[in-house]
Amino acid sequence: MIRPCAYVAAMAAYALADLGGEEKPTLAQNESAFPPSPLAKAAGIAALDRTALYPDPDWQTLRSSIAAAHGVTRDLILCGAGSMDLIDTVIRAFSGPGEEVLATSYSYLFAAAATSRATATYITVPEADFRVSVDALLAAVTARTRIVFICNPGNPTGTRIPNSDILRLRKGLRDDILLVIDQAYGEFDDQDQAPVFALAERGDTVILRTFSKAYGLAGQRVGWGIFPPAIGAEVRKLQNSNNVTIVGLAMAAAALADQAYMRETVTRTAALRDRFRTRLVKAGYAVPESLTNFLMIPFVDQRAARRADAELRKAGIIMRGLGGYGLPHCLRATIAPEEVMQRALGILVAVRAT
């Protein structure tokens, strides 16, 4: 019998969304409700003529575009096959056996999977009212802590950490602890990100972003991050060369050039989200305020959540169950076009009323 490595055999498989096995309106994947910019689509089509070639392994054009759009130093930018690629490589590069990655109970679960791949230990602290507590994180730091991982805004909660709390967290951590801030939904957060981006200049903080959400490029798998030079050099050792496709690079750079379209996408998505939340709250649901392209919907108990999920699936609408986060009484609903949200709302209101 061929056996895997012991640490691989001990790992749990990363939990994928149950999409029903067929084409249905899915509110489970946190994809954009709107297509990418026409400029991005045109750039992708033009790039098809070059797909016999390998893509630029140094992402030069895209890095320059990111630097110009966000006012950051080009040489601090690394790109990856989605931000998941960067989460995985940074955790594997800076944690290992006998060491700890510290996060909160409702932080993005892929960080836990990446920690298992690094054969390190994933430690969580509770959140109060679905919000990150800097004090709880600082109190949980031990001599074995190598990385503190946070999402801002959070997934699956949608809640936000004020910049002042992030700066306080960084100040309270030892200099040999790497702070990783996943900002996959950063475009939906109206805080000035300059103070957080500037933390990378300290040499002990990484900030991650993606083109999957606000830019509508989930299928192209393009992520990026701001890495201190010494941190980035180690992460690059674990990255596959040519990790972002020619089409992905072209579409991402073109999407960045159309900031007006991205902002309109964010505005339209947020309006749909806030209307949906207002109506859910009116129906009696205690839905946390979200600064993302989704809402987390708590039910009175697990049974009620399962019943709602079943009714939604009967109508061909798929939401994300959150049992893996220890939230079996919650569903997460990605914001979709108005017609789908109205159908989902009608089902949820009816479920709540019975």
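**Exercise 1. Determine how the lining residues of the second largest pocket divide into nonpolar, polar and charged classes.**

Solution. Step 1: the lining of the second largest pocket comprises 8 nonpolar, 5 polar and 6 charged residues. Here Ala, Val, Leu, Ile, Met, Phe, Trp, Tyr, Cys and Pro count as nonpolar, Asp, Glu, Lys and Arg as charged, and the others, Gly among them, as polar. The model is predicted, with local features requiring pLDDT of at least 70 and side-chain atom pairs pLDDT 80 or more, while totals for chains, interfaces and linings use all residues. Residues are numbered from 1 along each chain as its sequence is written, and side-chain values use heavy atoms, without hydrogens and water.

Step 1: the lining consists of 19 residues, and those nearest the centre of the pocket are G186, E187, F188, D189 and R263. On a 1 Å grid over the protein atoms alone, a pocket is an open set of points with protein on both sides within 12 Å along at least five of seven lines, a cavity is a set where a 1.4 Å probe fits but cannot get out, and lining residues have an atom within 4 Å of a point.

Step 2: two helices, α8 (194-197) and α11 (259-282), each contribute at least two residues to this lining. The largest share, 7 residues, is supplied by α11. Helices (H or I, at least four residues) and strands (E, at least two) are DSSP runs numbered from the N terminus.

Step 3: the space in this pocket amounts to about 290 Å³, a volume being that filled by probe spheres set on grid points joined across faces, edges and corners.

**Exercise 2. State how many cavities of 30 Å³ or more the structure holds, and identify which residues line the largest cavity.**

Solution. Step 1: there are 3 cavities of 30 Å³ or more in the structure. Step 2: the largest cavity contains about 70 Å³ of space. Step 3: its lining is formed by T104, Y106, S107, E127, F130, V132, C151, G154, N155, T157, T159 and I161. Step 4: by class, 5 of the lining residues are nonpolar, 6 are polar and 1 is charged.

**Exercise 3. Give the strand order of the sheet of 7 strands, and explain why one side of each edge strand has no neighbour in the sheet.**

Solution. Step 1: the order in this open sheet is β2-β8-β7-β6-β5-β3-β4, with mixed pairing. Two strands pair if DSSP finds at least two bridges between them.

Step 1: on average, neighbouring strands of this sheet are turned by 25 degrees against each other, direction ignored. Step 4: helix α3 (residues 60-70) packs on the sheet and touches β2, β7 (205-210) and β8 (223-226), its direction making about 120 degrees with that of β2. Contact means heavy atoms within 4.5 Å; angles run from 0 to 180 degrees between N-to-C directions of lines fitted to C-alpha atoms, for helices over the stretch in contact.

Step 2: within the sheet, β5 (residues 145-151) and β6 (residues 178-182) are paired in the parallel sense over 5 bridges. I147 has L178 in β6 as its bridge partner.

**Exercise 4. Describe the sheet of 4 strands and how α11 lies across β9 and β11.**

Solution. Step 1: this open sheet has the order β1-β10-β11-β9, and its pairing is mixed. Step 2: at its edges are β1 (26-27) and β9 (294-298), each of which pairs on one side only. Step 3: β10 (residues 318-322) and β11 (residues 327-334) run antiparallel and are joined by 3 bridges; L322 has L327 in β11 as its bridge partner. Step 4: across β9 and β11 lies α11, which runs at about 15 degrees to β9.

**Exercise 5. Locate the cis peptide bonds at P153 and P156, and the residue that has a positive phi although it is not a glycine.**

Solution. Step 1: from N152 to P153 the peptide bond is cis, with omega near -5 degrees, and P153 is placed in the loop between β5 and α7 (163-172). Step 2: the bond from N155 to P156 is cis, with omega near 25 degrees; P156 lies in the loop between β5 and α7. Step 3: W59, which is not a glycine, has a positive phi of about 50 degrees and is found in the loop between α2 (38-47) and α3.
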